[in-house]
Protein chains: 4
Amino acid sequence: MSDTAQVQPLRVGLVGHSFMGRIHAQAWQTAPRFFELSRRPQLTTVCGRDAERANQFAEAFGIGRVETDWRALVNSPEIDVVDICVPGDLHAPIAIAALEAGKHVLCEKPLANTIAEAEAMAAAARTARSAGVRSMVGYSYRGTPAIAYARQLVNEGRLGTIRHIRAHYLQDGIVDENFPLVWRLQQEKAGSGALGDIGSHLIDMAAFVTGQSLTSISALTETFVKHRPLPDSVDGLAATAGEGMGAVTVDDAAVFSGRTNAGALATFEATRFATGRKNAMRLEINGSGGSVSFDFENLNELWFHDHTLPAAEAGFRRIHVTESEHPFLDAWWPPGHGLGYEHAFTHQAVVFARAIGSGADPSPSFEDGLYVQRVLSAVQASASDGARLTPISSVAD
Amino acid sequence: MSDTAQVQPLRVGLVGHSFMGRIHAQAWQTAPRFFELSRRPQLTTVCGRDAERANQFAEAFGIGRVETDWRALVNSPEIDVVDICVPGDLHAPIAIAALEAGKHVLCEKPLANTIAEAEAMAAAARTARSAGVRSMVGYSYRGTPAIAYARQLVNEGRLGTIRHIRAHYLQDGIVDENFPLVWRLQQEKAGSGALGDIGSHLIDMAAFVTGQSLTSISALTETFVKHRPLPDSVDGLAATAGEGMGAVTVDDAAVFSGRTNAGALATFEATRFATGRKNAMRLEINGSGGSVSFDFENLNELWFHDHTLPAAEAGFRRIHVTESEHPFLDAWWPPGHGLGYEHAFTHQAVVFARAIGSGADPSPSFEDGLYVQRVLSAVQASASDGARLTPISSVAD
Amino acid sequence: MSDTAQVQPLRVGLVGHSFMGRIHAQAWQTAPRFFELSRRPQLTTVCGRDAERANQFAEAFGIGRVETDWRALVNSPEIDVVDICVPGDLHAPIAIAALEAGKHVLCEKPLANTIAEAEAMAAAARTARSAGVRSMVGYSYRGTPAIAYARQLVNEGRLGTIRHIRAHYLQDGIVDENFPLVWRLQQEKAGSGALGDIGSHLIDMAAFVTGQSLTSISALTETFVKHRPLPDSVDGLAATAGEGMGAVTVDDAAVFSGRTNAGALATFEATRFATGRKNAMRLEINGSGGSVSFDFENLNELWFHDHTLPAAEAGFRRIHVTESEHPFLDAWWPPGHGLGYEHAFTHQAVVFARAIGSGADPSPSFEDGLYVQRVLSAVQASASDGARLTPISSVAD
Amino acid sequence: MSDTAQVQPLRVGLVGHSFMGRIHAQAWQTAPRFFELSRRPQLTTVCGRDAERANQFAEAFGIGRVETDWRALVNSPEIDVVDICVPGDLHAPIAIAALEAGKHVLCEKPLANTIAEAEAMAAAARTARSAGVRSMVGYSYRGTPAIAYARQLVNEGRLGTIRHIRAHYLQDGIVDENFPLVWRLQQEKAGSGALGDIGSHLIDMAAFVTGQSLTSISALTETFVKHRPLPDSVDGLAATAGEGMGAVTVDDAAVFSGRTNAGALATFEATRFATGRKNAMRLEINGSGGSVSFDFENLNELWFHDHTLPAAEAGFRRIHVTESEHPFLDAWWPPGHGLGYEHAFTHQAVVFARAIGSGADPSPSFEDGLYVQRVLSAVQASASDGARLTPISSVAD
């Protein structure tokens, strides 16, 4: 709990109140109750185009102010942080305007729909940084304690030389061919499909845990169901089918492989057609000294194999990442009392608030977000060119 | 989200602000954001004997009022609900006074330290009920979606005739012989050790899921470490050792077996000495038609075996209890995005608020809490009498 | 592979050729191919009352000689080892006659149906031992590498002071109420039900792994299905129902708890009504320094928790017990290429052949078998006497 | 057990007696004891260049005859089956000579080191077939019951339209940079590294389970450790280091992705550098109607998700593939009593002996082996050409 004498409020304005908006709201309100923060977040404003829905949201979360135009929010003198939880095509204009207005910006992932947008956002972030304005992209899984602990083990050298990165994000939300054509299945809104929505998390997570970046990639993408019913109503991936059919213009699945700057072999698969897998974001890293393995469907567990032990007693051990020594855990419950999905967002809010409080740059930065964007574009370029091994640095929109 | 036109506030006063107090506070504040509630909880007051610590807590959680005397809280006209999160020896006086003052009462478990206290509390609850005053005991695991779904499967007859109940609660918090003599290890404060603290959850959970109650029990209890250092500072089970030694007056572990009113064989084990098990609250039910199996260390999973399937394709299936069809889940995230420990408390708050709103009696009731108390006493009676099979109905303090 | 110059044959006569007979035959024939043995087993004779079936068996396994009277086998000068794989009521007469005839005896478990028989067998074994005649009881799971490795970890002190033994043997073979009344469900043939058939394995295994023995026990037993169809044909637990009904005279399930001579708390459950559990023989040992956990349904795995590691990196590790450093494994395949159920019997044959070859006494001995018998009787005595805690030493038939 | 009246012997000559030779010998000797076979295998001859080692082997396995020249074996009138268990460069000459001599041939995998050899072998098999001579390639994992059951589920349409094939074979045998340069690490002996040794199993297994074949592939391969100590002694992958260093001329790891003739997306990874993974041959198939998942490290389990069930009760179920209804299982033990690695070889022997007995062609055929060879070559071609998507049909040596 915070020492109130020194605490300054950190007034947050939230843009968007769908799935991501709800979880960000919960995160901003939870963070100061459980973590010491020199800047105490206050979720003061929510912004949404539909005033009635925005008001309902404000009522539920006890938020005092509602805006329907993000420009008003961005320019308000009563806002310190702009938190962007809207579709990708709006990220660049809002983020750049907010940074220029001197607001700290937390922007949902993927950073943008194109490299050009992402580059402009990264440039705006660089400029703003010199004025003490912070920016962060919402690769929230970095706040999952097991992922953060995996990174720590790698940093401590426990894995030795990394040989393999194996990252899968398996979902099954749209296996049904009658699932409607929501915005996430439209290229102009979403940029890409499984690739950008969930594959982007894999790319960031692999870089975060290993500290390595991809230098080249070879890829295949696939759209299994090429036409779907037009939607009646839309809310993220939850929707009901209406009349008429439309073309799916994004990938259903993407598989890609490449090498990192340190010589590891990395494989990725992102799909919405892995029947029975609900949110199986999996990462395994194999190094000369050991391995770690993670599956988000058991988010409180990290499996660690210490290859320096005698062979007879070595094996993947299930670490329940709920000890007070684990990242973020000293704020929470006793060992074994697991956290949930939303806690990663609370931790993201904590990291951002602390960075603002201490005048440091948080991570993942917009540069990190731009890196992911480049990989996404290289994947699409390779998939369009017979899976040709494509240097990450070579791609443009 | 709630339709605000019809919403009446439900003003909650929280007594105690340690581990349980914190999680109850989070629950009260989270519940109205994610659930439709006709009475909207507002955590308006916290009560604690140490004014400074209580004030810090109020500050962190944004609670407007602090009391240091529970009697003031209980008699305040600005309180609708008294939520009791203090050691067991205080449950009876606070709960009875609150009920008599017309406050709805949520009381942490176990209900009391003795049967006499529990009977007095249940009697007070009966009297209060006729005046529309509600009471509930905090066997929070009933709010864990996987547990609630297990009950649903049993209720639907999917398990057939129940043959076995197998319930274990395994922890390892005090394996170290130098862990100090905290209040939970003192009989006069805690009533019993692992038995009452975690074994009580097993007894309630088994009754909740199966709808059956124990008729007799045979038990062994053990105190492995009979003397421990006196504590320097105390906070639940977290403490540091000071000077001097004292006698441990509660059980470290309890094992007990019995039969239910429907002829099932039930086994229980509660221990704080299961090295490597952090919060392994496990329940398996075997019936003629199928089985369910649960381990809290993977709280989002329920394993279900459907014995009516052909043998070749039958097997325990891992149900990730995160579908919108699962209990409580329509309020939360997409499938596969797991919940955490604290969500069970949010759901408990929801159940209580809804019961108050609809004028129904919530469960688990004080009667349910009294039943657990009788089993706990029978366990102690049996353990003191050579494990003799002891009828639950026969025990008194 | 054996150095043939010094190898003497070890001529084995097998009594019985049902389930156990087949697996013993495979074990005797496999052992000398993969293990160095100074006495090389040769399965020369099979004995069965039904000459036709015995001849078929001999044909399949390439066994040269068939007997229909066990007395002829026992007294044959061309037999070195008598291997007893018939129901429990025949163990004592065959084993004692064979020992008196100077034959080494391997006898299936449980050793006998009564303590009196078991005592007579143990006495015969003692007498025979002085003449260099060896005896062993077939608690075959000691030959499962993961179990043998668990024992090794305990012996090396890796678990510290043992606090808990938790042993379950869960099957579901007779959940169907129409499953017929085979000999294993008749007290006069089988002695007891789940208790003696599978519970006996738990008792031996717990003693083997921990090196501790039970001093007292409290028990409940249950027969869920009290009448069953008379069988049409019988083969162990595989049978078809015929006409008429008969009373089940053995337990369907037994649960018992007690203390060991070193102060550990031990719980046991043996049942044939755990729907969905096929052969879930489970053992967990918790000690001050660590824990091991095993489930036969994943027989190549041992889970080990090293409690001396820092809390942040500790956890149950899955040891795939297939390294050449593991017990018995240097004779087999590369790491990760698992063994099966029958290999434990091959290892049992190896242990027995080596003991004979080196002139040492193998274990488990008939004394070990008698200990199990005493515990089984104490369980039945306690269950008949209101679960009273019953000293193991106190029981007689 | 076989009905001996009609049984004809099937005289087997084994070429090679290392790891594979031992397991084939055990398989030939075990098969007729547990399975009905109209041709009863008799392992009459073993062939090895080192007469002393071959004699030791013959002694251990009770084999009557030893040859040191495979030509003598191939041309012997007392041999019905030639079983080839030597390095890949010898497969073609022995197999072709044996087929031409009218012997049935079982040949270890991969079929050959080059496409040209494999084509010549397939041509010889076609010619021989018209004379009633049978041939089979040793993709033994088809005999693993869980794999065979997965195929059955696919065949029955339980998976619907297949979308994803995900196949990994992870080992860690040569992670240590001082592991010596054994023959399996030399291109001229082994053809390729992880790719041909273990990746070939994945290719065959994916085709077997799904009934689909790859049409094109994109690949990356990697040799992490480029120089290793020359070996002192060699036995498969088990060896000790000697003096001097040599170049590793095969891949340490291969990752490849492609599409099947039915539009599924398939990913493969074969590596010897996945620290902590011993023999993790994994296969997951996702279809519109369900999924199956397998890991050889738990070889008795198949995980099946039935997507036609209501979402609330669906989930991957762990089928312990030990029921008598499962492939090959009626010959073995009761449910839950698992089989081991070697049983797949016994089943392979059974399939081959039955095909010979019934005059049918067994599978996998040499054509199936040639298909795998073409994929292996396409992988190498793609890896040499910037991961270019390479049609399987286009490749030649």
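1. The model is predicted: local features need pLDDT of at least 70, side-chain atom pairs count only at pLDDT 80 or more, and totals for chains, interfaces and linings use all residues. Residues are numbered from 1 along each chain as its sequence is written, while chains are lettered from A and ligands numbered from 1 in the order in which they are written.

2. Chain B holds an open sheet of six strands, with parallel pairing and the order 3-2-1-4-5-6. Strands here are DSSP runs (E, at least two residues), numbered from the N terminus, and two of them pair if DSSP finds at least two bridges between them. Strand 3 (65–67) and strand 6 (135–138) of chain B each have a single partner strand and stand at the edges, so one side of each is left without a neighbour in the sheet. From one strand to the next the twist averages 25°; the axes are lines fitted to C-alpha atoms, and angles run from 0 to 180 degrees between N-to-C directions.

3. Within chain B, strand 4 (residues 81–84) and strand 5 (residues 104–108) run parallel and are joined by four bridges.

4. In chain A, strand 11 (residues 253–260) is mostly covered, with six of its eight residues buried (a residue is buried if 20 or more other C-beta atoms, placed from the backbone, lie within 10 Å of its own). Strand 8 (residues 214–222) of chain A pairs with strand 11 in the antiparallel sense over eight bridges. Ile217(A) has Gly258(A) in strand 11 as its bridge partner.

5. Strand 11 of chain A also pairs with strand 12 (residues 265–271) of chain A, antiparallel, over seven bridges. Arg259(A) stands opposite Leu265(A) in strand 12.

6. The contact of chains A and C takes 13 residues from chain A and 13 residues from chain C; two residues are in contact if their C-beta atoms, placed from the backbone, lie within 7 Å. On the chain C side, strand 16 (residues 316–320) gives the largest share, five residues. The residues of that side divide into five nonpolar, three polar and five charged (Ala, Val, Leu, Ile, Met, Phe, Trp, Tyr, Cys and Pro count as nonpolar, Asp, Glu, Lys and Arg as charged, and the others, Gly among them, as polar).

7. Strand 16 (residues 316–320) of chain A pairs with strand 16 of chain C in the antiparallel sense over three bridges. Arg317(A) has Arg317(C) as its bridge partner there.

Definitions and conventions: A residue is buried if 20 or more other C-beta atoms lie within 10 Å of its own, exposed if 12 or fewer, and partly exposed in between; C-beta atoms are placed from the backbone.
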